[in-house]
Amino acid sequence: MAKGPTVYHVAERAGVSIATVSFTFRQPDKVKASTREAVLAAAEALGYVPSASARGLARGRTGALGLFAYDYLLDPAHGRREEGIADSHPLSTETPGNEDLRLFPLYVDEVQRGVELECWRRGQALFVGGGNPENNEAVLSDIAGRVDGLAVFPRSVPSEVLARIARRIPVVEVSESELNRDLDHVTVDNASGIRAITEHLLGEHGMTRLMFLGGMPSSDNDQRLEAFLGTLHDAGLSPAREPNYPCGSDEGITEVISALCNGGDLPDAIVCATDQDALMVLDSLAAAGISVPADIAVTGFDGIAAGRVVRPSLTTVRQPMEQMGRTLVRLLLERLDQPEKPPAAVRLPIRLVIRESCGCQAG
C-alpha cells in the first residue's frame with residue numbers, strides 16, 4: 001500500500017510550517033482565517049487525514065488526553081445494579097440506564113461530560129476507558145501509552161499503578177487521596193457542604209436526632225462524615241446513632257434501614273454521603289411504610305438528575321460536576337507546560353439545594 005500524504009506535504013503545498021498545519025487541525029481558532037483556509041485546501045487536495053503522530057510533530061505530543069472511568073451499571077466493585085446487562089444483545093445500544101434517571105446520568109457521567117466539553121474547546125482528542133478487576137492495569141497502561149495526560153476517578157486504580165504512570169505522563173485525580181499527595185487533584189468543599197445541610201436541619205427544622213449513612217468508602221465521604229460529626233459537636237449534640245458508614249452495597253443500606261424501622265426508634269433525619277445512597281434510603285423507607293419527610297427527613301450529596309424527579313424531591317448539596325471535568329483538563333495541560341510546578345489541589349465550591357425530602361417546599 002502506497003504511503004499517504006503527510007503533514008510535511010500539506011505544509012509544503014500550503015507554504016506554511018508543520019506547526020501551523022498542526023494548529024489548524026488541533027486549535028483552528030489560533031490560526032488566521034486565510035492561513036487556515038490554505039491549509040485545509042492543501043489537505044483536501046492531497047487527501048490528507050491528520051494522525052496522532054502528525055498532530056504531535058509540532059510540540060512532541062499526541063494532542064490527546066485520557067480519562068479512566070468506571071460505570072455503575074457495569075462495575076460490581078461499586079456495589080451497584082447490573083440487571084439486564086449480561087442478557088443484553090451484544091450489538092444493542094440500549095441499557096437500563098438509558099431510560100432510568102436513577103442509573104444515568106450519575107456523578108461520574110457528569111464529570112466525564114465536563115472533560116469532553118473542555119477537550120473539545122481546547123482541540124484535544126479524548127480517550128475514555130475503564131477496565132474490571134481482572135484487566136484494570138492492562139487497560140490503564142494501554143490508554144496511558146496513547147495520551148499526553150491522564151485523569152482518573154477515585155478508587156478506580158491502585159495508587160502504586162498511578163504513581164508509576166505519573167513518572168511518565170501527568171496524572172490528575174478526581175478527589176483527594178492520602179496515598180498520592182504528589183499528584184494534582186480536583187475536589188469540592190465537602191466539609192462546608194455537609195455543614196450547610198446539617199445546620200439547615202438543626203436550625204430551620206429544629207431536628208436534633210441526626211444520623212449519617214454512607215455506602216462506599218472514599219476520601220470524599222470520609223470528609224463528609226467528619227464534617228457531620230464536627231457540626232453536631234459544635235451544636236452540643238451527638239449523633240442519634242453511630243454512623244452507618246461504610247455500608248458497602250445497596251443491600252447494606254437496605255439492611256441498615258430495615259433494622260432502623262424494625263427497631264421503632266427512627267432519628268429525625270438521615271444525612272447520606274451521596275445522592276445514590278439517599279435514593280436507596282428513600283426506597284427502603286417507602287417499602288417499610290415510613291413517610292418522608294413526615295416521619296423522617298433524608299438528605300443527599302452530589303446533585304444528580306434523579307434527585308430532582310424522585311418524590312419527595314431530594315434536598316442535597318450540588319457539586320459543580322461539569323466544572324470538575326473541565327478543571328481536570330486544565331490541570332493536565334498546565335502540567336504539560338509546567339512539569340516542575342508544585343502539585344495543584346483545586347477545591348471547588350458547592351451549593352445547598354433545598355427540596356422536599358427535608359420538609360421544605362421544593363426550590
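This report describes the fold, the strand pairing, the cores and selected loop residues of a predicted protein model.

## Basis of the model

The model is predicted, and local features need pLDDT of at least 70, side-chain atom pairs count only at pLDDT 80 or more, and totals for chains, interfaces and linings use all residues. Residues are numbered from 1 along each chain as its sequence is written, and side-chain values use heavy atoms, with hydrogens and water left out.

## Overall composition

The secondary structure of the protein consists of 13 helices and eleven strands. Both are DSSP runs numbered from the N terminus: helices are H or I with at least four residues, and strands are E with at least two. Of the 363 residues, 48% count as buried, where buried means under 20% relative accessible area, exposed means over 50%, and partly exposed lies in between (1.4 Å probe, protein chains only).

The accessible surface comes to about 17200 Å², and 51% of this belongs to carbon and sulfur atoms. Accessible areas come from the Shrake-Rupley method with a 1.4 Å probe; for residues, only the protein chains shown count as cover. Among contacts between residues at least 6 apart in sequence, 69% join residues at least 24 apart; contact means heavy atoms within 4.5 Å.

Strand 4 pairs with strand 3 (residues 149–152) in the parallel sense over three bridges, and Val152 has Glu173 as its bridge partner in strand 4. The chain passes from strand 3 through helix 7 (residues 159–166) to strand 4 in a right-handed β-α-β crossover. A crossover is right-handed if, with the strands pointing away from the viewer, the path from the first strand over the helix to the second runs clockwise.

Three bridges also join strand 4 to strand 5 (residues 184–188), and these two strands run parallel. Here the bridge partner of Glu173 in strand 5 is His185. Two strands pair if DSSP finds at least two bridges between them.

An open sheet of three strands has the order 6-7-8, with parallel pairing. Strand 6 (210–213) and strand 8 (297–299) stand at the edges with a single partner strand each, so one side of each has no neighbour in the sheet. Neighbouring strands of this sheet are turned by 20 degrees against each other on average, direction ignored. Strand 7 (residues 269–272) and strand 8 pair in the parallel sense over three bridges, and Ala269 has Ala297 as its bridge partner in strand 8.

Two helices lie across these strands. Helix 8 (residues 190–203) lies across strand 6, strand 7 and strand 8, and runs at about 170 degrees to strand 7. Helix 10 (residues 250–263) lies across strand 6 and strand 7, and runs at about 160 degrees to strand 6. Axes are lines fitted to C-alpha atoms, for helices over the stretch in contact, and angles run from 0 to 180 degrees between N-to-C directions.

## Nonpolar cores

The largest nonpolar core has 45 residues, and those with the most contacts inside it are Tyr107, Phe153, Leu201, Leu210, Met324 and Leu328. Helix 13 (residues 321–337) gives the most to this core, with eight residues. A second, separate core of 26 residues includes Cys261, Ile270, Cys272 and Ile296. A nonpolar core is a set of buried Ala, Val, Leu, Ile, Met, Phe, Trp, Tyr and Cys residues joined through side-chain atoms within 4.5 Å.

Leaving aside residues up to four places away in sequence, Leu201 touches Gly206, Met207, Leu210, Ala269, Val271, Ala297, Thr299 and Cys358.

## Loop residues

Pro267 is placed in the loop between helix 10 and strand 7 and is buried, with a relative accessible area of 1%. Residues up to four places away in sequence not counted, Pro267 touches Arg209, Met211, Ala240, Arg241, Leu260, Asp295 and Ile296. The C-alpha atoms of Pro267 and Arg241 are separated by 7.9 Å, while the two residues are 26 residues apart along the chain.

The peptide bond from Val292 to Pro293 is cis, with omega near 10 degrees, and Pro293 is found in the loop between helix 11 (275–287) and strand 8. Another cis peptide bond joins Arg311 and Pro312, with omega about 0 degrees; Pro312 lies in the loop between helix 12 (306–309) and strand 9 (316–318). Asp302, in the loop between strand 8 and helix 12, has a positive phi of about 145 degrees although it is not a glycine. Asp302 counts as buried at 5% relative accessibility.
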